[in-house]
Amino acid sequence: MQHILEIIDLHAGIADKEILKGVSLTVKSGEIHAFMGPNGSGKSTLAYTLMGHPKYKLISGDIKIDGTSIKDLPPNQRALMGLFLGFQYPLEIPGVSLSNFLRISYNAVRKDEPMLVRDFRKLLEDKFEVVGMERSFATRYLNEGFSGGEKKKAEVVQLSVLRPKFAVLDETDSGLDIDALKLVADGINSVKSSEIGILLITHYQRILRYVKPQFVHVLVKGKIEVSGGPELANKLEEQGYSWIQGADDTSDEEERVTAPGDRAPAV
Ligand code: ADP
Ligand code: MG
């Protein structure tokens, strides 16, 4: 079934500061949209505002799933509507094992497809394998002591277990070495289908070699300045962000998409 996520002239921010200044974007099932931009342009603000993080305030505009506004709903109800957020900086939750966390979230959002404990365990094993995580992670506390890469892989496991209608992945590629990046990409590609729409937020072009978007958008200072097809990502790889109006003062050598050797800041 075809679903539609509409972001309509969204203005949002933190406290009194407006960070998103009119973002409009439509994502349909089966589409992958890369959402790029220099550091500080507001990518995470969009991710948090979509999911309903209480710190982020929607000033005006709307967010709709299949025509129904979700802007006044708490995050858990947005999740029930089919929205998922993979965090840029996943939190550590001591006391909650990864497998319990996944099972409880699965039971919460997929009430329609109850699973026997045994079958769920098998499902987890399969999902862990895709991203190259050992089974022993299941009994560890959520993200506690996980490396940056392991945290990102755990986000992808969550994504593939929950199978949302729309996934917002906030820099799921950042801080990963090339092997981890490929595994994370495998995980994302394994959920890719006509059933899911993906908003792939990334600072670097490199994940787009493995997860192919049909649409690319560049956010600069809270506004989408350029949108295009996959060729836009190639242009960004060659030329960085500085050619885009207003972007030059926010991208420096270290932060360029063209950073040599796929250098990425550690998470
Ligand atoms: P990106 O994800 O594109 O790097 P963010 O959405 O994280 O950008 O940040 C956009 C802007 O909002 C930045 O100028 C950042 O400093 C500011 N910002 C983000 N979070 C906070 C916060 N908790 N308090 C104040 N300013 C914030
Ligand atoms: Mg961010």
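## Two loop residues with positive phi

Aspartate 66 sits in the loop that links strand E4 (56–65) to strand E5 (68–69). Keep in mind that this is a predicted model. Aspartate 66 isn't a glycine, yet its phi is positive, at about 50°.

Now look at lysine 221, in the loop between E11 and E12. Lysine 221 is also not a glycine, and its phi is positive too, near 45°. It has 18 C-beta neighbours inside 10 Å, so lysine 221 counts as partly exposed.

## The open sheet

E11 and E12 belong to an open sheet of 6 strands, in the order E6-E9-E10-E3-E11-E12, and the pairing is mixed. Strand E6 (83–86) and strand E12 (223–228) each have a single partner strand, so they form the edges and one side of each has no neighbour in the sheet. On average, neighbouring strands here are turned by 20° against each other, ignoring direction.

Take one pair from this sheet: strand E3 (residues 32–36) runs parallel to strand E11 (residues 215–220), with 4 bridges between them. Phenylalanine 35 has histidine 217 in E11 as its bridge partner.

## Around ligand 1

Which residues surround ligand 1? They are Ile14, Lys17, Ile19, Gly37, Asn39, Gly40, Ser41, Gly42, Lys43, Ser44 and Thr45. Strand E2 (17–28) and helix H1 (43–51) are the elements that give two or more residues to this shell, and H1 supplies the largest share, with 3 residues. Sorted by class, the shell has 7 polar, 2 nonpolar and 2 charged residues.

How values were computed. Residues numbered from 1 in each chain as written. Chains lettered and ligands numbered in written order. Predicted model: local features only at pLDDT ≥ 70, side-chain atom pairs only at ≥ 80, totals over all residues. Near = placed C-beta within 6 Å. Nonpolar A, V, L, I, M, F, W, Y, C, P; charged D, E, K, R; others polar. Pairing = 2+ DSSP bridges. Axes fitted to C-alpha atoms, helices over the stretch in contact; angles between N-to-C directions. Buried ≥ 20, exposed ≤ 12 C-beta atoms within 10 Å, placed from the backbone.
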